Amino acid sequence: MKKKILIVGGGTAGTMTANNLAKKLMPEIDRGDVEITLISNSKYHYYRPGAMYVAFHKSEGHEFVREQRSLLMPEIEFIVDAAVEINTNRNFVKGQSGKRYEYDFMVLATGCEAAPERIPGLKEGGDWFYTYEGARKLAEKFQTIKNGRVLITVNFPKTPNIPHQCGIAPVETTIMLHDYLTEKGVRENVEIVYTYPTEAQSVHNGLFLQEPTSKVLPAIFDGMGIKHKTGFTLNKVDPNKKVAYSEEGEEMEFDILMSTPPFIASKVIRESGLSKALDGEGWLPTDRKTLKVKGLGNVYTLGDTVDLPVSKAGGTIHNQTDVVADNIASELRYGYPTESYDGLVIAIAQMGLSCGMPLWYDYEEDVQPTPCSKLGSFVRKGFNKGIYWAAARGMI
Amino acid sequence: MNEKVEVLKSKEMQALEEKMTMLVQTGRIDNLIDLLAVVSDNIEMTTQPMVEKMIGTVDNMATAGFVTENAVRYAKRETDKNEVPSLFGMLKLLKDKDTRKGLAFILNLTKGIGKQL
C-alpha cells in the first residue's frame, strides 16, 4: 500500500519540508512505496522577509516571488487548492475544489497572517511592512514625509509566550527608516519613536523580547536619535485624529504609524478545532522536540503556525524542517520519531540599510548582540536574492 | 630613573608569540598581511549592485543545476522502471502531454541557443 504524505501550505515551511522529505525518502519513492503531495492556496511562493525592503524603495517586490512549481522536486505532486477543512479523525483534508486529500502523514504548514482588524482603527489608520501590499503603502508615505512623527508599535498575540512574526523586524525597520530618512535629508525634521509593549514573552518593560538585546537597544537607539519607550501596548487607533492609544492609558499622536499588528493562524487551522490558543488565534499545540501536533499520532507542524515561543521566521524553519522530515521518515521506517528540535533559530538581521548582524539562539541561550557590518549586510542581501531559493529547494 | 618591567605571559600567549616570530623571520608574514589587506579592501570596494549580480549568477547556475539534476533523476527512474520501448512504445511516450511539453521546451531551448550564435 502506497503511503501518502500530505503537506498543507506552500510557503517556506511547506516547500522546504516537501523537498527534504523527497530527498530523504528517495529509496521509497523509487520503489513506488511513498507519494508526496503539497497543496497550497497559491501558484506563487512569496519570500516574506523581502517585503520590508519594498517599504524603503529598495526593492520593487517581484524579485521575491517565484512560481511554486519551480521550487519543488518533480517527485512532489503540487496542486493549487486551498485547504478548507481538516479531518484528523478520518485522515483527510478537503480542498476548495471539493477534492479530498487522504494522508497517512500530514504536515500543517499554513503559516500566519496579519490581522490588523483585531485592533480598532489600526486597519484604517496604521501601516505595516509584513505584507507586500502594506509595504507598498508605507513606501509611498515614507517617500513623501518631510516632517512629523513616525510611531512604531509592536503587538504580541494574546496567547501567552508566543511571538509575532519575525521578532527582530520592528528593530530592523526602525533603523532602516532612520537610514532612509537620513539618505533623503529629512531625518532632522522627522521624529522616530519606537514603542514596545509591557509584556513581551518573558521580558517585561523592555524594548525586545529577549533580555540581552533589550539591554543594548537603548544605547543603539540613542546613538541615532531614535526615541524609545516601553510600556505601550497598542489597543486602539483613531485614524482621523491620528492618535494611538495604549492599554496602559497613554496616547501618542503620529503622522505615520508603522505597526507590528496582531497575528493569527490561517482560517483552516483556526476552524479545525485543533487549537487551544486564546482569542481564536489558532496556534497549533506543538511538541517542542518532535514537532508533532499534540494529541495526534500522524500530524506534524512547523513554522509560523506553532504555539512554541521560538521566532516565527525562516531561520527557525530551516532548522525545524529536517526534524520533521527525518521524523516522518523514521516513523515510516521504524514506527517512531527519532529526531529532536533544539530550538535553533539562525538569521542575519538587517540592522539598517547597509549593516547586517548574524544571530542565533535556541531553547537554552538567547541572542548575544554583536556589532553589525557591511559584510553582514551583503550576506543578508545575498540570501534574500539568491541563497533563499536554494534553501527552499532543499539545496542548502 | 631606570625601571625594568617584567611581563608575565601565559603558556598560550607564549606559543602565539613564537608562531608570529617564525612568520616574521621567514618573511611569510608579508604575504599573509597583504592577503588580509586585499580581502579587507575588496570588502570595502564591493557595492550592493555587485553583490546582487554575483548572487544572481549563483542563483541562475543553481536553478539550471536543480532543473537538470531533477530531470536526469526522473528520466533514470522512468527508464529503469520499464523495458526498452518498442517503436509503438516510443509513440505512446510521445503522445504523453508531459513528454510533448518537454520536447517543445527542448526545441525552444535549441532556438534560444540559435539566437545567440
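A salt bridge is a side-chain nitrogen of Lys or Arg within 4 Å of a carboxyl oxygen of Asp or Glu. One such pair joins the side chains of Arg77(B) and Asp30(A), at 2.6 Å from N to O. This is a predicted model, in which local features need pLDDT of at least 70 and side-chain atom pairs count only at pLDDT 80 or more, while totals for chains, interfaces and linings use all residues. Residues are numbered from 1 along each chain as its sequence is written, chains are lettered from A and ligands numbered from 1 in the order in which they are written, and side-chain values use heavy atoms, with hydrogens and water left out.

**Salt bridges over the structure**

- Over all chains, a search of the whole structure finds 25 salt bridges.
- The pair of Arg77(B) and Asp30(A) crosses between chains, running from helix 3 of chain B to helix 2 (residues 26-31) of chain A. Helices (H or I, at least four residues) and strands (E, at least two) are DSSP runs, numbered from the N terminus.

**Where chain B meets chain A**

- The contact (heavy atoms within 4.5 Å) involves 16 residues of chain B and 21 residues of chain A.
- Chain B and chain A bury about 1,600 Å² between them, with 60% of it on carbon and sulfur atoms. Buried area is the accessible area (1.4 Å probe) that two parts lose on being put together, summed over both.
- Within chain B, the residues that lose the most area to chain A are Ile55(B), Phe66(B) and Arg77(B), which together account for 35% of what that side buries.
- The rule finds 5 salt bridges across this interface. Glu75(A) forms a salt bridge with Arg73(B), where the closest N and O atoms are 2.7 Å apart.
- Across the interface of chain B and chain A there are also 9 residue pairs in polar contact, both residues at pLDDT 80 or more. A polar contact is a pair of N or O atoms within 3.5 Å; within protein, one must be able to donate a hydrogen and the other to accept it, and residues adjacent in sequence count only if both atoms are side-chain atoms.
- Helix 3 of chain B provides the largest share of the side that touches chain A, namely 11 residues.

**The two domains of chain A**

- The domain assignment, which is automatic or from a database, gives domain 1 (3-111 + 266-345 + 387-392) and domain 2 (115-263) in chain A.
- The C-alpha centres of domain 1 and domain 2 of chain A lie 30 Å apart. Their contact takes 28 residues from domain 1 and 31 residues from domain 2.
- The two domains of chain A bury about 2,400 Å² between them, 62% of it on carbon and sulfur atoms. Met52(A), Phe56(A) and Lys312(A) supply 27% of the area that domain 1 buries against domain 2, more than any other three residues.
- Between domain 1 and domain 2 of chain A, the rule finds 2 salt bridges and 12 residue pairs in polar contact.
- Helix 3 (residues 51-55) of chain A gives the most to the side of domain 1 that touches domain 2, with 5 residues.

**Aromatic pairs**

- The structure holds 17 aromatic pairs over all chains. Rings of Phe, Tyr and Trp (its six-membered ring) pair if their centres lie within 6.5 Å; planes under 30 degrees apart count as stacked, over 60 as edge-to-face and the rest as tilted.
- Tyr194(A) and Phe221(A) form a tilted pair, at 4.8 Å centre to centre and 50 degrees between the planes.
- Tyr194(A) lies in strand 12 (residues 190-195) of chain A and Phe221(A) in helix 7 (residues 211-223) of chain A, so the pair ties together parts that are 27 residues apart in sequence.
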